[in-house]
Amino acid sequence: QFVPHIVMDVSDEKMAGPTLLAAGWISTLLTGSFVLLLGRLEASHFLRKLPSSVVGGFIAATGAIGIRSSISMLTGAPFYILWPTDFTVFGKLRTWVHLGLALYSLVSIRYLGTWIKPYISSKSLLAIASPVCLLSPILVFYAGLLCRGFSSTDFEWLHEIGWLFPPTPSKPFFHMWSDTLRIDLVDWSLLLSPKTASSIIVLSGLTSLSGVLSIVGTRSVVPCASNEAIGTLGGKVDLDKELMVLGAGQLLVGALTGFPGYQQVGLSANLYLFGGTHRLAEFVCAGFVAAVMLSGVEIAAWVPKFFLGAVFLNLGVSFCKTHLVDNWNVMDGASYCAMLLIVFVGLWKDLTKAVALGVIIEVVLTVKQASSINPVYQCGSPDGGFISSRIRRLEDASRLRWSLSSCLEVVRLQGPLFFGNAPTLEDDLTALMQTSSKLSHFIVDMTRVTQVDDSGARALASVAKFASSRLRHFSFAGANTSVRTQFEKFLDQPVKIFDSLEDVLELCEDELLNGTVAPEPWPKPVGLSEKQWEVVKRASSEELQLLDGELLFDFAALVDGVCLLVRGELTMETKRAATAIKCNQVSAKYSAPMVIGNSGFFVGATRHAFRIRAGAQGATVLLLRQADLDSLETIDLSTYNAFVRNFLGYWMAVEANHLRWRCALNQ
């Protein structure tokens, strides 16, 4: 990333190499510091929340780049994305033979051990079966060369056609370290310039994220250590411990002027699958690498390219199959397209650009998903259970639950209030305030709100300002200290903030019961004047408050006067004769104001032929017994006549409709 800038701006050409190396190990130290800090902060709980499309896209991009690199190495053809730019090599027979050897090696690596293990009974042979199958392509290759009399001429020819890496002068690492580490030739002024320093910091951050994504993305291929699932994949990984190891390793490498790198969990899983089931296998691998590094022995020149190509193909195919093939028609379209986009950018540019794109996609997906969550998770009034725990008189509790329920609204919020859901929150709360003209008290319960940003605080302030012009009481309740401190700064007018919902509910209930807000009036029948309606209500000897589904009277109940429905709804159930049994059927619904049971009373019936129960919102019923009606007739004859005329006329119209319906049914 910063190579062109350093090469062009370095003050002396002799200083370009040491300056580039210094930039590399400084980047390594920064990478180690970033990752070590993540491990120290126990950031695994956050890393596990990374979208699967971002993690899968990064791992699949790594696999796709591995496949492309291996094919390019095997054929010698350069590639643009996934398309070769030179087709001449594909006209040569040796190219296809080389690809065939790589395909044989791939099959041997992936499947040969699985095929032959069922035929091996010896445990000692089983232990070496997988490593032998893994190395069988190299063994077969050199066995074939020995059979035809392998000579230095053949060795040179294999280097010439590109089947083996060319030999290079090899030195132990400490010789190379002493030759390249020239602190006196580093252009420190160029490294400390804002342009170079910012490039190093950005590259270190992206490299850290690449390492983190590699660990998180390959957790699914970690072998299980439990006795129940031993031999399978999907074992547990302590991400915090892995981050600590990665960070400490980068600091050590950076201190030795090395370049960034990170452990591959997938390589350990492959070692396990190839037969290295004991911890000793890890030490053998590490010892082999250390011996080569310390001795400077040339190894790469003896390893055929088709074998290394097959190893890269194996990892690339596994990664792409896991995240691209297996997720086809499983992931939703948007997430799968995001994963493909990350893979495309990784092939088009490099993994650093792909990681940067993954960060952007992660932010977009997070904001999109969080914005779709409505912070209002519950709202209601006293009739819906929003009532304080204070024990009140039956009359007061009844008024709060029925008569005054439309005057109080409680809204409960949850989760973070941020720029993604702030507009929805403001619109929903202001809309709730305008649903009823009787609404006078509004409470916003913030007990379950986790945090508030500036946009969320401004939305709450806007809601409070809107409520001040419409309501008699508006308040917040239950906000924790940090949330309260954040949104209080944006309130441009005094707003009551209570410690708990219980406190503000008691205050609002007291205001409502003490007459601060007039209770909701019962609707007046059309045929009665206000004065006559008050006389009829006073004539009732009992007021009933019915809950949802509660019976007013059942089948065959004694007829003793009429029932006056003044609030809510009632449903009438009648017995209908079926072919073999009798069943109950809802045949009518009544809304206030309405007289119930007048048909039986006025025709002189002794028992009711139907059942009456309260509707979903409950009901308030005034009982007018025979003695109450007689008293009303004696005290105010004109009101009695108007009452009977009004509801008896309605009953006659209903009965006429029922008669026409029965006649039509009989015909």
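**A first walk through the model**

Visitor: Is Leu408 buried or exposed?
Guide: This is a predicted model, and in it Leu408 sits in strand β4, residues 408-417. Buried means under 20% relative accessible area. Leu408 has 1% relative accessibility, so Leu408 counts as buried.

Visitor: What separates the C-alpha atoms of Leu408 and Gly380?
Guide: Along the chain, Leu408 and Gly380 are 28 residues apart.

Visitor: How about the whole protein: what percentage of its residues is buried?
Guide: The protein has 667 residues, and its secondary structure comes to 25 helices and 13 strands. Of those 667 residues, the buried share is 43%.

Visitor: Are helices α4 and α16 roughly parallel or roughly antiparallel?
Guide: Helix α4 covers residues 52-75 and helix α16 covers residues 351-371, and their axes come within 9 Å of each other. Those axes cross at roughly 160 degrees. Angles over 145 degrees count as roughly antiparallel, so α4 is to α16 roughly antiparallel.

Visitor: And is that crossing of α4 and α16 left-handed or right-handed? Which residues of α16 make the contact?
Guide: The crossing is right-handed. On the α4 side, the contact is made by Ser53, Val54, Phe58, Ala61, Thr62 and Ile65. The residues in this contact divide into eight nonpolar, three polar and one charged. From α16 come Leu351, Val355, Gly358, Ile361, Glu362 and Leu365.

Visitor: Which residues touch the most other members of the largest nonpolar core?
Guide: That core holds 32 residues. Helices α4, α5, α6, α7, α14 and α15 each supply at least two of its residues. A second, separate core has 29 residues, including Leu439 and Met446. Back in the largest core, the ones touching the most other members are Phe141, Leu158, Phe307, Leu324 and Val343.

Visitor: Which residues is Phe141 in contact with, leaving aside its neighbours within four places in sequence?
Guide: Phe141 is one of the residues that touch the most other members of the largest core. With those sequence neighbours set aside, its contacts are Leu158, Trp163, Pro304 and Phe306.

Visitor: Last stop, Gln532: is it buried or exposed?
Guide: Gln532 lies in helix α22, residues 530-539. Leaving aside neighbours within four places in sequence, Gln532 is in contact with Gly527, Ser638, Thr639 and Ala642. The cut-off for buried is under 20%. At 18% relative accessibility, Gln532 therefore counts as buried.

Technical notes. Residues numbered from 1 in each chain as written. Predicted model: local features only at pLDDT ≥ 70, side-chain atom pairs only at ≥ 80, totals over all residues. Heavy atoms only, no water. Axes fitted to C-alpha atoms, helices over the stretch in contact; angles between N-to-C directions. Helix = DSSP H or I, 4+ residues; strand = E, 2+ residues; numbered from the N terminus. Parallel < 35°, antiparallel > 145°, perpendicular 65-115°, else oblique. Left-handed = near helix turned anticlockwise from the far one by under 90°. Contact = heavy atoms within 4.5 Å. Nonpolar A, V, L, I, M, F, W, Y, C, P; charged D, E, K, R; others polar. Core = buried A, V, L, I, M, F, W, Y, C linked by side-chain atoms within 4.5 Å. Buried < 20%, exposed > 50% of the residue type's maximum accessible area, 1.4 Å probe, protein only.
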